[in-house]
Amino acid sequence: MSGLSGTKSDDFINAAKARGEAALQENQPRLTKLEKAFRHAALRRRAEDARKQAHHR
């Protein structure tokens, strides 16, 4: 079983996550709804991490 990447759905979701996170630097990326959701989550995480670091200084 080693070497398997998962189900087709897992592969699709992982690809969408990678594409969404890769588009963080783009202003108006053309993404699917799933890719947009992953991009939005990554932007929120980044902003939250920045707030935490600013608060601890």
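Reader: Is Glu35 buried or exposed, and which side chain of opposite charge is nearest?
Author: Glu35 is buried yet has no salt bridge, and the nearest side chain of opposite charge, Arg19, is 4.7 Å away. Buried means under 20% relative accessible area, exposed over 50%, and partly exposed in between, with a 1.4 Å probe and protein chains only. A salt bridge is a side-chain nitrogen of Lys or Arg within 4 Å of a carboxyl oxygen of Asp or Glu, and for charge Lys and Arg count as positive, Asp and Glu as negative, while His and the chain ends are not counted.
Author: This is a predicted model, where local features need pLDDT of at least 70, side-chain atom pairs count only at pLDDT 80 or more, and totals for chains, interfaces and linings use all residues. Residues are numbered from 1 along each chain as its sequence is written, and side-chain values use heavy atoms, leaving out hydrogens and water.

Reader: What does Glu35 touch?
Author: Leaving aside residues up to four places away in sequence, Glu35 touches Ala16, Arg19, Gly20 and Arg30, contact meaning heavy atoms within 4.5 Å.

Reader: And which salt bridge does Arg19 form?
Author: Arg19 forms a salt bridge with Glu26, with the closest N and O atoms 3.6 Å apart.

Reader: Switching topic, how many salt bridges are there in the whole structure?
Author: A search finds three, including one between Arg45 and Glu21, whose closest N and O atoms are 3.1 Å apart. That pair links distant parts of the chain, with Arg45 in helix H2 and Glu21 in helix H1, 24 residues apart.

Methods
Helix = DSSP H or I, 4+ residues; strand = E, 2+ residues; numbered from the N terminus.
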